[in-house]
Amino acid sequence: MRDFKPAARMLSGAAIAALAACATAPEVPTWPEPVPIPPAAEPDPIGIDRNAGGYPDKYLELEDAYESLPPTGAGAPGIAASRTAFREASRPATPVQDYLPYIDVAIEQDILVAGNGPALQDRYTRIQIVTLDPDSYDVAGVAGDGRKSKKETRDYDKESRGWLSRTLMGSRNVTRTLIADFDISNPDIKTTKALFSSTFRSDNAKGEAWTTNESISVYATPYFKVSPNTMIEGRFRMQLSDERSSSAGANVMNALQTAANLIAPTSALVTFFNAPAMLQASNFLNTQSTSLFGQSITEESTGAFAIKSWTADPILIIRAELPPAGDIKNTQKKEGIGKWVVYLEPPIPSVFTASTYGGDDGAPDFEGVSSADILSFNVGMDLRVYDYIFSRLELSDQITSLNETGDVNTARLICSRISRGLSAVGFTTFDAAAGVWAASESDQFTAAARTALQAPDTCGAMQLWTEMTE
């Protein structure tokens with residue numbers, strides 16, 4: 001043993017010296033220069049004219065793209081075309097793979113950056129979701145020979161379990177649902193819609209039950225007034241669950257739709273008074289869907305944008321696929337369930353009439369509209385325009401004074417208060433003016449007070465009403 005110790009020490013010393021030499025004088029390897037990869041050919045831009053400026057011939061530098069752009073169309077912000085050119089110049093030749101296996105969402109960026117359609121400010125619009133599956137919903141095909149053949153259909157026989165399997169393996173609940181959420185700011189609106197749902201419940205006591213629901217066309221919101229800062233955020237969520245107990249709900253979509261109908265707004269217009277009901281409904285539906293799913297797979301894709309001008313083209317396009325019912329984690333055997341598009345309805349200036357004069361301002365034509373029609377319009381649960389004006393705006397003292405004196409200044413105060421109040425709860429300038437006229441025609445005012453209130457120079461609302469009805 002003694003003879004080996006010195007040798008071990010010598011080897012140890014040699015190793016330490018070698019390490020020290022490596023630490024003090026490392027050898028830097030030299031690598032060959034990489035071969036430059038030729039740039040991929042940029043595809044031609046889509047030939048759609050948004051009136052926001054054309055595309056430059058070459059994308060050499062951002063500054064060159066800036067200078068080579070032609071003038072923007074009328075009404076479009078000057079930066080819009082530059083943003084379009086920058087986006088096209090920076091787009092990779094090969095699209096990036098989407099990380100979500102079951103949901104694909106596309107947003108129409110050209111419209112959002114430089115839309116030049118009719119102005120939406122101080123107009124009403126609403127969100128509509130429509131399917132884009134012609135094989136299923138071709139009108140001529142369904143009315144004639146029935147549905148066209150489809151590869152991807154639900155196979156109830158394949159999902160079924162035998163009596164022995166139900167006895168030995170216990171109950172099973174498979175749920176697959178596509179949900180759309182919209183958060184709108186200015187006005188503050190939140191709404192939830194189920195676009196597709198398929199459930200399979202299997203247990204030894206009740207046997208087996210299948211439920212499939214799909215939305216062909218739904219309105220996600222009633223009409224709402226667009227303000228200069230209105231923003232829309234759309235979220236599309238796929239929730240998948242495979243539960244081994246009977247606690248999960250069997251028909252998710254019916255539960256969501258039933259709850260939505262119970263607490264949905266009663267008015268065709270989103271106002272200050274019914275917007276909280278929509279928020280309550282959306283929160284309830286989200287809570288219910290979460291509790292129904294328990295352990296689940298959830299995918300969500302979000303897109304947010306401001307709306308300033310209207311276009312007939314879709315804002316968002318959604319494609320959804322589902323895994324097989326037997327294995328919700330199997331992304332390799334997914335099957336398409338459909339495509340949906342999100343539209344904004346054409347803007348309208350009034351909810352009291354569908355008639356307009358046309359022209360650039362698109363003012364509504366109130367011919368044939370009575371004051372009773374306007375005052376009976378619902379703005380909330382058991383709340384009409386009449387109730388809001390004469391109960392919520394605290395005008396009783398001013399109305400009494402105007403009825404007694406016919407004072408012009410008092411009439412101006414009442415006119416301005418009603419106009420601002422109606423605008424604040426969600427009416428356009430046109431409808432606010434119509435509300436002032438309708439209020440003046442009510443039984444709350446004497447003939448002298450009505451004359452003072454309806455004078456064109458009383459306030460801006462009556463001036464606008466006079467111009468619309470002359």
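Helices H14, H15 and H16 are among what covers the buried residues of helix H17. This is a predicted model.

**Helix H17**
- Helix H17 runs over residues 460–469.
- Which residues of helix H17 are buried? They are Ala-461, Met-462, Leu-464, Trp-465, Thr-466 and Met-468.
- The cover over these buried residues includes H14, H15 and H16.
- An α-helix has 3.6 residues a turn, so residues three or four places apart point the same way.

**Helix H12 against helix H14**
- Helix H12 spans residues 385–392, and helix H14 spans residues 408–425.
- The two pack at an angle of about 125°, and their axes lie 11 Å apart.
- Is H12 parallel or oblique to H14? H12 is oblique to H14, because the angle is about 125°.
- H12 crosses H14 in a right-handed way.
- From H12, the contact uses Val-385, Tyr-388 and Ile-389.
- From H14, the contact uses Ile-418, Gly-421, Leu-422 and Val-425.
- Of the residues in this contact, six are nonpolar, one is polar and none is charged.

**Ser-442**
- Where is Ser-442? Ser-442 sits in the loop between helix H15 (429–440) and helix H16 (447–453).
- Ser-442 has a relative accessible area of 7%. Buried means under 20%, so Ser-442 is buried.
- Which residues does Ser-442 touch, leaving aside its neighbours within four places in sequence? Ser-442 is in contact with Leu-375, Tyr-386, Phe-390 and Arg-450.

Methods. Residues are numbered from 1 along each chain as its sequence is written. This is a predicted model: local features need pLDDT of at least 70, side-chain atom pairs count only at pLDDT 80 or more; totals for chains, interfaces and linings use all residues. Side-chain values use heavy atoms; hydrogens and water are left out. Helices (H or I, at least four residues) and strands (E, at least two) are DSSP runs, numbered from the N terminus. Buried means under 20% relative accessible area, exposed over 50%, partly exposed in between (1.4 Å probe, protein chains only). Contact means heavy atoms within 4.5 Å. Axes are lines fitted to C-alpha atoms, for helices over the stretch in contact, and angles run from 0 to 180 degrees between N-to-C directions. Angles under 35 degrees count as roughly parallel, over 145 as roughly antiparallel, 65 to 115 as roughly perpendicular and the rest as oblique. A crossing is left-handed if the near helix is turned anticlockwise from the far one by less than a right angle, and right-handed if clockwise. Ala, Val, Leu, Ile, Met, Phe, Trp, Tyr, Cys and Pro count as nonpolar, Asp, Glu, Lys and Arg as charged, and the others, Gly among them, as polar.
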